[in-house]
Amino acid sequence: MSPLDRTAIVLAGLLGASGIAAAAASSHAGAALLGPYSLIALSHAPAILALALAPLPRIFNWALIGLMIGAGLFCADLALRYFAGASPLPLLAPIGGMTLIAGWLLLLIGGVFGRDG
C-alpha cells in the first residue's frame, strides 16, 4: 500500500467519523454550518476510500489527491467557522470546492481516456 493510499484511507475514516458527528450536531443543536460539512464529508469519504483501494491507472491518483485536498480544505473551513466563529483564511471553502470539482473532472477524464499504468 502506497503512502498516498494509506493517507487517503486515514482521511476517509476521519471524514466519515467527523461527518457523522457533524450530522448529529447539526440535527440536535441546529448548527447550520455543520450540515454542509456533513454532506461534503460523508459524500466524499466513500469516494476517497474507493479510489485508494482500487488498482487504477495513474490519472486516478490525481483525482484522489484533488478530492482529498478539496474535502479537507472545505471541511476545515466550515469547522473553523463553527468552532472559532471565523476562519483565518476565508477562501478555504471556495478553494476546497473548486479543488473538489477538479478532482471529479479528473475522475471523469480518467474514465474516458485512462489507460493502464
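1. Helices here are DSSP runs of H or I with at least four residues, numbered from the N terminus. By that rule, A52 sits in helix 2, which covers residues 34-53. Bear in mind that this is a predicted model: local features need pLDDT of at least 70, side-chain atom pairs count only at pLDDT 80 or more, and totals for chains, interfaces and linings use all residues. Residues are numbered from 1 along each chain as its sequence is written, and side-chain values use heavy atoms, with hydrogens and water left out.

2. Is A52 buried or exposed? With a 1.4 Å probe and protein chains only, buried means under 20% relative accessible area, exposed over 50%, and partly exposed in between. A52 comes in at 7%, so A52 is buried. Setting aside neighbours within four places in sequence, A52 is in contact (heavy atoms within 4.5 Å) with D5, A8, I9 and L64. As for L73, 21 residues from A52 in sequence, the C-alpha to C-alpha separation is 19 Å.

3. On to A76, which belongs to helix 3, residues 59-84. Its relative accessible area is 32%, so A76 is partly exposed. Between A76 and L49, 27 residues apart along the chain, the C-alpha atoms are 19 Å apart.

4. Now look at F113, in helix 4 (residues 92-113). F113 has a relative accessible area of 59%, so F113 is exposed.

Notes: Helices (H or I, at least four residues) and strands (E, at least two) are DSSP runs, numbered from the N terminus.
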